[in-house]
Amino acid sequence: MTFSGKDGLAATSGDVLEERGKTSSFGESQNQKRTNYFNTPLKTEKASSFSKRSFKSVKNAFKKTGRSSSLQATFADSRDPNYEHLVQNLCELLLSEGKIPEKYDDYHTLFRFLKARGYDLIKAKDMYLKMLMWREDCGVDVIGKDFKYEEYDEVKKCYPHGFHGVDKYGRPLYIERIGLVDLSALLKVTTIDRYLKYHISEQEKTLNLRYPSCSIATRRHIASTMTIVDVKGVTSPIVLIRHMIETLHQLFVVNAGSGFRVLWKVLNPFLDTRTFSKIQILGSQFKNKLLESVDRSNLPDFLGGDCTCAEHGGCLKEDIGPWNNLEVHHALKVRTMNRLSRKRWQGQNREGPHDDLTQKEPLAPQPNKAIRGQVDYDNMAQQISALEIELHEIEMILRSLLSRHGKLVDGINQLKGMTKSVSASGPSRHLYDC
Ligand SMILES: [Zn+2]
């Protein structure tokens, strides 16, 4: 497999939570998209704590009888009115060719393609179509849904990398310690093909989970990543190439030696101005520069911050961030449910399976009410989605309780052991003798 889809990966949106395993909607509801295109307000929840939930909060979750409303809030969608007509034009251009699948038809995705191609409509369309082709050729949907990287833990030992919370703006913070990569050990525990699939699956996770979660947690549209690459001992800047994508907000290269800097200057003429402006090459005195963008408490100690993630065995061991927060998960599901429900309703009232009925008896927009004499599939779908959310919450709570149950059992066994030793060494033959 060749990893030729950089543009494709870069330009898919993090705004949309994909329906996993859902088939493409090529050719379906295209006219509907034309009319509904900008009717997609973003709904999200209030910013929540990124810390792990305490046992108390988990216990309190049991008391909730319905879906949490504590996080319900709205944030304004950030759109530049100067470019809305261009995005609309791109949408119509793709619609005219019947090539705009539902999961990539949102404003932010199309805007990113335009931005990446200097707002040139034709170039943006070509780039979009290449992205679709690349996704199909490489089976990106299948990889994102089904790929399991069993060697993940082993790979992390010889290639320290991972997400570590967010920067000050709320973007996912990604860190790599290239200088510590043990390539021969890496190739013993994985293959290039499997590593590329892992890379694709991680990109999918970023687009479909990390960005939407960060958007919800910050009440802003988040669709780019802050990256720090530690190149201590590395002389070739070529290792940075794969980071040069549209979803990159900024890349800090730290511990760059003189050899690295010289080669970087050689590479510079081949980089476009936008990419170049996103990269800062820093030597060993990088700490203050990083602290301008990342809170000290969220910066690993090996980069000059205070975080050690001792409870996880190190900062890059766990994929920590708002995307693992239970409340953000819940909010994300509600948002997706609302979005899908809105689309279903829009389809139903225009060209859906109920067209015959609506022609006889035009209805006012009442998405939650059953049309007379027919099953209210929309309402049922909402109820099923709500139950799925509850089920997911219960599953996470049970997992937490199970973990605590194990610790309690260990504690009880320790106490029993202590009781026996006290009993054996004390004057009484039995602890409970009167
Ligand atoms: Zn940490």
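Me: Where does Val234 lie?

Reply: Val234 is found in the loop between β5 (225–230) and β6 (248–254). The labels refer to DSSP runs, numbered from the N terminus: helices are H or I runs of at least four residues, and strands are E runs of at least two. The model is predicted, so local features need pLDDT of at least 70 and side-chain atom pairs count only at pLDDT 80 or more, while totals for chains, interfaces and linings use all residues. Residues are numbered from 1 along each chain as its sequence is written, and side-chain values use heavy atoms, with hydrogens and water left out.

Me: Why does Val234 count as buried?

Reply: Buried means under 20% relative accessible area, exposed means over 50%, and partly exposed lies in between (1.4 Å probe, protein chains only). Val234 has 16% relative accessibility and therefore counts as buried.

Me: Which residues does Val234 touch, not counting those up to four places away in sequence?

Reply: Val234 touches Ile178, Gly179, Val239 and Phe260, where contact means heavy atoms within 4.5 Å.

Me: Why is Thr206 called buried?

Reply: The relative accessible area of Thr206 is 4%, so this residue is buried. Thr206 belongs to helix α10 (residues 192–218). With residues up to four places away in sequence left out, Thr206 touches Phe163, Tyr211, Pro212 and Thr225.

Me: Why is Arg219 called partly exposed?

Reply: Its relative accessible area is 38%, so Arg219 is partly exposed. Arg219 is placed in the loop between α10 and β5, and has a positive phi of about 65° although it is not a glycine.

Me: What makes strand β3 largely enclosed by the rest of the structure?

Reply: Six of the six residues of β3 (residues 161–166) are buried, and therefore the strand is largely enclosed.

Me: How do you know that β3 is joined to strand β4?

Reply: Two strands pair if DSSP finds at least two bridges between them. Four bridges join β3 to β4 (residues 172–176), and the two run antiparallel. Within this pairing, His161 stands opposite Glu176, and Val166 has Pro172 as its bridge partner. The two strands form a hairpin with five residues between them, and Gly170 in the turn has a positive phi of about 110°.

Me: What makes both faces of β4 covered?

Reply: In a regular strand the side chains alternate between the two faces of the sheet. Pro172, Tyr174 and Glu176 on one side of β4, and Leu173 and Ile175 on the other, are all buried. Four bridges also join β4 to β5, in a parallel arrangement; Leu173 has Met226 as its bridge partner there.

Me: How do you know which residues coordinate the zinc ion?

Reply: Donors are N, O and S atoms within 2.8 Å of the metal (3.2 Å for Na, K and Ca); water is not among the atoms, so sites may look incomplete. His164 (NE2), Cys307 (SG), Cys309 (SG) and Cys315 (SG) coordinate the zinc ion at 2.1 to 2.3 Å.

Me: Why is the site of the zinc ion called tetrahedral?

Reply: Four donors count as tetrahedral if all angles lie between 85 and 135 degrees; four count as square planar and six as octahedral if opposite donors are over 155 degrees apart and all others between 65 and 115; anything else is irregular. The angles among the four donor atoms of the zinc ion are 102 to 119°, and the site is therefore tetrahedral.
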